[in-house]
Amino acid sequence: MAKTPSSILATQFMILSLLSSFAIILVQGEDQGFVRSLDPKLLGLKKEKLSHFRFYWHDIYSGQNPSAVGVVRAPTNSSTLFGSVSMIDDPLTQGPELSSKLWGRAQGFYASASQQEVGLLMAMNFHFIEGKYNGSTVSVLGRNQVFNKVREMPIIGGSGLFRFARGYVEARTHSFTPNTGDAIVEYNVYVLHY
């Protein structure tokens, strides 16, 4: 059976139609109406890098201008202060002295979330005010067992130069004053960002 030019054209048209249909199905399979895949370059995202920051977090309850304020008190029968909540706007400095260079502020809250031990839920943004990171933030949300020598908490995001950030922080108590509740904590921040 010899193929005529019109039957060859019809076969090619049918193959092209099938391929087009598959291509449309594949494209529509990624677009669910409310979500679609994007190329990171469309958002100006370049190569991902790992940065390390080290600074000191000053949690100050005492004095004329405290940076931490209790907003919910724990029941009197709680040895772990379970249920207490504090709001913070803590200075982040280059060294352990409050007078050293200010890199930014830790803004957020922490709450005593354990009935068996002193374990805090930490929810805070490290808001940077220096250099190229001025205005950028790193967001931390995690568990802080304050009596452990080293505590690790996850970085769950960020803004500015830390968009799409992820990583972790390590906290080490530098000093603690029991009668005031004031604390200085060394933070090492390991953050992947673009």
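**Exercise 1. Placing A111**

In which strand is A111 found? Work out whether A111 is buried or exposed, and list its contacts.

*Solution.* Before starting, note that this is a predicted model, where local features need pLDDT of at least 70, side-chain atom pairs count only at pLDDT 80 or more, and totals for chains, interfaces and linings use all residues. Residues are numbered from 1 along each chain as its sequence is written, and side-chain values use heavy atoms, with hydrogens and water left out.

Step 1: A111 sits in strand β4; strands (E, at least two residues) are DSSP runs numbered from the N terminus.

Step 2: A111 has 12% relative accessibility, so it counts as buried. The cut-offs are under 20% relative accessible area for buried, over 50% for exposed, and partly exposed in between (1.4 Å probe, protein chains only).

Step 3: Skip neighbours within four places in sequence, and A111 is in contact with S84, V85, G119, L120 and L121. Contact here means heavy atoms within 4.5 Å.

Step 4: For a distance check, take M87, 24 residues apart from A111 along the chain: their C-alpha atoms are separated by 8.9 Å.

**Exercise 2. Taking the core apart**

Find which residues touch the most other members of the largest nonpolar core, then say which element gives the largest share.

*Solution.* Step 1: A nonpolar core is a set of buried Ala, Val, Leu, Ile, Met, Phe, Trp, Tyr and Cys residues joined through side-chain atoms within 4.5 Å.

Step 2: The largest one has 26 residues, and W57, M124, F126 and Y187 touch the most other members. β5 provides the largest share, five residues.

Step 3: Now zoom in on F126. Not counting residues up to four places away in sequence, its partners include F55, W57, L92, Y187 and V189.

**Exercise 3. Sizing up the pockets**

What is the volume of the second largest pocket, and what lines the largest one?

*Solution.* Step 1: On a 1 Å grid over the protein atoms alone, a pocket is an open set of points with protein on both sides within 12 Å along at least five of seven lines; lining residues have an atom within 4 Å of a point. Volume is the space filled by probe spheres set on the points, which are joined across faces, edges and corners.

Step 2: The largest pocket holds about 700 Å³. Its lining has 28 residues, with L81, Y110, L120, F176 and G181 nearest the centre. β9 gives the most, three residues.

Step 3: The second largest pocket comes to about 160 Å³, and its lining includes K46, K47, R163 and Y194.

Key:
Helices (H or I, at least four residues) and strands (E, at least two) are DSSP runs, numbered from the N terminus. On a 1 Å grid over the protein atoms alone, a cavity is a set of points where a 1.4 Å probe fits but cannot get out, and a pocket is an open set with protein on both sides within 12 Å along at least five of seven lines; lining residues have an atom within 4 Å of a point.
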